[in-house]
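Thank you all for coming; I would like to walk through one model this morning, going chain by chain and keeping to what can be read from the coordinates. Please have the structure open as I talk.

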Amino acid sequence: MSGQCACTGEPRLLVPDVGTIVDVRDETASGDVKTFRIALDDPQAEWRHLPGQCAMVSVFGVGEAMISITSSPTRGWPLEFSVKRVGRVTGALHDLHPGDKVGLRGPYGNHFPAEEWKDRRLVFIAGGIGLAPVRCLIDWCLAHREDFGHIDIIYGARSPGDLCFKTDLFDRWPREKDTEVHLTVDEGDQEWTGPVGFVPPFLEEIGPSPENAVAITCGPPIMIKFVLQTLARLGFTDDQIVTTLELKMQCGVGKCGRCNIGEKYVCVDGPVFTLSEIRELPDEF
Amino acid sequence: MGEGGKGMAPGPVPRTTKLVEASGLDGWLRAVAREARVWAPVKVDGRPPLFREFGAGEEDRLDLEAVRTVNSPKGALLPQTEPLMTYAMTKDAESGRPSLDLERAAPGGPVVVFGARPCDAAAFELLDKVFLTGDFVDDHYQARRAKTTVVAVACPRPDEACFCTSFGLSPGGTRGADVVLYGRSGPGVPVETVAYYAVAYTERGEAFLAAPAARAAGVADVPEDEGRCLEEVVSAFRGLGTPLGDRLGRIDVAARLDGLFDHPYWEKVSARCLSCGACTFICPTCYCFGVADCGALGKGVRYRYWDACKLPHFMLMAGGHNPRPAKSNRTRQRFMHKLNYYHHRYGEYQCVGCGRCVESCPVGLHLPLVAGEVGGLEG
Amino acid sequence: MPRKPMLDIERMRSAEEALRREARRLLADGVVSVFLGHEEGWDGLAVPSFATSPEDAEKLVWNPLVAPHLAKYLLDRLAGDEKVGIVVNGCGSLALERILKDRRFPRERLYIVGIPCTGILDPARVADLPPERRREVLETGRAEAGLFLDRCSWCDVPNAVVSDILVGEPVAEEPTVHEYPRAARLEAMSLEERFEHFKDLYERCIRCFACRNVCPACSCRECCLDQWEPLWLGRATSVPEQQMFHFIRAFDVAGRCIRCGECERVCPMGLPLMDFNDKLLKDIAELFGVERPHVPTDVEPLGRFDPQDPDFEEGAE
């Protein structure tokens, strides 16, 4: 253990591979969420991820950000990353165009333990950009449709323009076997004829049964808080509920200490946690 | 793991033992500095010594009289600023398409850490647990570690801030060291002026003592009739207590701390904290870091740099949310990490009792204080 | 002639008793919800204390080791409107004035107990003494000039400059000639010598920010040195970056430095940080014709415009 080096060449743990932005599309009407498709310049360096995992996306000269991979591994490369403009790095990323170079390293983190959910009913509950990591899982489950029971996708955003992945929401997913998509918005507009209201009461109204079910939820902290209360009222136990934690990450590999909560490093022990695991962590997020 | 203080277990088996005159050390280091980067306690006039690079020229002198250096030798393995790679954005001359040249930073040549105290040497093993184990091996650290030789010097006179024995270490401990120098006069003297027994415990240590630079410095075999003396000296160093360590006893607060996360104690003890990074940066076992890019006009360097959970912005997220906005949150994090979280993850405490935080914290908010006080709290 | 610092242990002991009495009263009567003072910490050194009950007030001390300044801690208590008690000597009151004149804490929320002072020892230097000598110094008050804090040698405020109540006998004020020995020493150096002198400082600085965090003049809500956009200070600890760090800080506090030297006292690497401040204080005294540039006023030299400024010429570009 004390330093017998088996490595040859320069160290590479924190060094990204070079990639190129293949295309960029706006997910929201305001453009504050964009989906980037990124390919690696060296196809030999490609890796295969699992749903829930993330990658460190570099904007050279600015920095790195840990972004969840939103495309299912069943779709291979280029990978898709949906990024909301919130700060320095995401802001710089938003200013890039197809053809621009970025860095990529990963895949990091644990994954949704979908292998444990055979034949179970799946209830996906997401809000806003929170749908991004969940989408990867949804598509993966749909690619293995026979392994799971009924699927409910419950999703809400601030307004119809803020709904992400509209093609999936309106065209693809509703066509899937035994799969229901329920959409709501905080505030409708002229064309919107669907439900209006926040996700937690919407979830309560839909009232999915907890029997043999797993609930996967991801979204703004305030939404999560009330969704968890609602799920408890509906009879879901802590083990049946899975979510992702979002914290600032710098190294992504469990060394730099930034995402350390209790004895866990969110970048390696998470970001996917069951509610029972979260209850064991100190309340620091 | 107990190798010192009362009831000590026998130490590791020495591979080779030599004798070197105290007056030969500066010359030895200068010779080594021609082939490797040497880190040692460098004498600074009128001030406590610094652990920093020892030059091959005539200016630097070794200072083994001070009980501790102000800073620790961890910078030899984990530099405060470490380049990871360089990047350069270019445009293809014909197509105009963007291109990026990326070069990974070379790990550098051999490093010798000379004159570390046994606490500092043990600290390297605590860092190894973080960087060399787990889901990922940090090959930046590993590459440097693989080329590092650690020569520790046993402590003749632990002072009132020393408490390595509280963690089962000792002023004559060998943990983390390739070679340990024991002053021939034994403990109690301010500094050894005659000669040192140099004992190698690893293959690398053995090679270091057999190298040309060592032989040129007069590193020689121990006279036959000194075998007994050597044993007694080593034993004396290993059995030394430490003033603060004796006062605190063995620190064993991890289980206690499991139930103390929400205790109002943290608010009280943290009130005097200045939220600076002094304790973190001089600590031999603290390792948190950040990663940043530095460049202009499409070219630059990505580097990592020491960071501290005590600094207010450590956990600040894009968008403004700070999970640890208050001093009590951050003070709690520091001590919970060292005395509980690290213990859960790696099986021992993240402290070697070097005493630097005791000396350097301007408001006395150091680990012995907290470790001592949490013992008396009701969970 | 610079004041010669000295200790009067008896006077300090009775001031300590009076301080405890006053703090006890303030807390018991609910006049303040917390009283900032000092208590005996590890190994006898004084550490900041935050008494919230009359029992806590019993632990307050006033002795030769009460070096840490307290005013900066007020910035931790900005939220709410509870009253805060604080004890200050002369230099401590300058720190308080700095915070008040910078409008960082409301005067109405303070209850200030002033204590006269003729000198405080440097805890680090005292800790280095052999135990018997240390005991002797602390009990008899017989201490040579070199044991005192540097700030005591240039102190011209033996009595608190702001207070709600004074405990202890005021010290007779003496006229002081202001000297800047550090600045003079630097000015005597050649450029090369000066560069070497500061290069050593930059190489040893570990960027811990203890100096900035303790400084009463450094109270920005967001410090430029922490910002990422723009990146005033890169995170790398190279000599050029350290130069920027120390220059930026020195110039940001120029004209507002109260010459307390807390920056130097808290620096874990023992850097001579007052060199910068001393030089700037001297420059400001000379360039702006200010006799006591270290005493906070409502508008500092660098913050005011005055047609009488030496370099202002009517009609000049």
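This is a predicted model: local features need pLDDT of at least 70, side-chain atom pairs count only at pLDDT 80 or more; totals for chains, interfaces and linings use all residues.

Let me start with two helices of chain C, helix α8, residues 191–204, and helix α10, residues 239–253, whose axes come within 9 Å and cross at roughly 100°. An angle between 65 and 115 degrees counts as roughly perpendicular, and α8(C) and α10(C) are therefore roughly perpendicular to each other. On the α8(C) side the contact is made by C:K199, C:Y202 and C:E203, and on the α10(C) side by C:V239, C:Q242 and C:Q243. Sorted by class, the residues of this contact come out as two nonpolar, two polar and two charged.

Is C:I112 buried or exposed? With 21 other C-beta atoms within 10 Å, C:I112 is buried, since the cut-off for that class is 20 or more. If we leave aside its neighbours within four places in sequence, C:I112 is in contact with C:I86, C:V88 and C:L96, and also with C:V162, C:S163 and C:D164.

Now to chain B, where I will begin with the overall picture. Chain B has 13 helices and twelve strands. Its radius of gyration is 22 Å, close to the 21 Å that the globule rule gives for 379 residues, so chain B is as compact as a globular protein of that length. Taken along the principal axes, the C-alpha atoms of chain B fill a box of roughly 75 × 65 × 40 Å. Buried residues make up 53% of the 379 residues, and, of the contacts in chain B with a separation of 6 or more, 73% are between residues 24 or more positions apart.

Within chain B, please look at strand β7, residues 148–153. Six of the six residues of β7(B) are buried, so this strand is largely enclosed by the rest of the structure. In a regular strand the side chains alternate between the two faces of the sheet. Which residues of β7(B) lie on each side? On one side we have B:T148, B:V150 and B:A152, on the other B:T149, B:V151 and B:V153, and as all of these are buried, both faces are covered. As for its partners, β7(B) pairs with strand β6, residues 111–116, in the parallel sense over five bridges, and within that pairing B:V113 has B:V150 as its bridge partner. Strand β8, residues 179–183, also runs parallel to β7(B), and three bridges join them; here B:V153 is bridged to B:L181.

Chain B also contains an open sheet of four strands with antiparallel pairing, in the order β5-β4-β12-β11. At the edges stand β5, residues 98–104, and β11, residues 289–296, each with a single partner strand, so one side of each is left without a neighbour in the sheet. From one strand to the next the twist averages 20°. The antiparallel pairing of β11(B) with β12, residues 299–306, extends over eight bridges, among them the one that links B:A296 to B:K299.

Finally, chain A, which has an open sheet of six strands, ordered β4-β3-β6-β1-β2-β5 and again with antiparallel pairing. Here β4 and β5, the latter at residues 79–84, stand at the edges with a single partner strand each, so one side of each lacks a neighbour in the sheet. The twist in this sheet averages 40° from one strand to the next. Inside it, strand β1, residues 17–26, pairs with strand β2, residues 33–40, in the antiparallel sense over seven bridges, and A:R25 has A:T35 as its bridge partner.

That brings me to where chains A and B meet. How many residues does the contact take from each chain? It takes 41 from chain A and 53 from chain B. On the side of chain A that touches chain B, β4, residues 63–68, and α1, residues 88–94, each supply at least two residues. By class, that side of chain A has 17 nonpolar, 13 polar and eleven charged residues.

Definitions and conventions:
Residues are numbered from 1 along each chain as its sequence is written. Chains are lettered from A and ligands numbered from 1 in the order in which they are written. Axes are lines fitted to C-alpha atoms, for helices over the stretch in contact, and angles run from 0 to 180 degrees between N-to-C directions. Angles under 35 degrees count as roughly parallel, over 145 as roughly antiparallel, 65 to 115 as roughly perpendicular and the rest as oblique. Two residues are in contact if their C-beta atoms, placed from the backbone, lie within 7 Å. Ala, Val, Leu, Ile, Met, Phe, Trp, Tyr, Cys and Pro count as nonpolar, Asp, Glu, Lys and Arg as charged, and the others, Gly among them, as polar. Two strands pair if DSSP finds at least two bridges between them. The radius of gyration is taken over C-alpha atoms; the globule rule is 2.2 Å times the number of residues to the power 0.38. A residue is buried if 20 or more other C-beta atoms lie within 10 Å of its own, exposed if 12 or fewer, and partly exposed in between; C-beta atoms are placed from the backbone.
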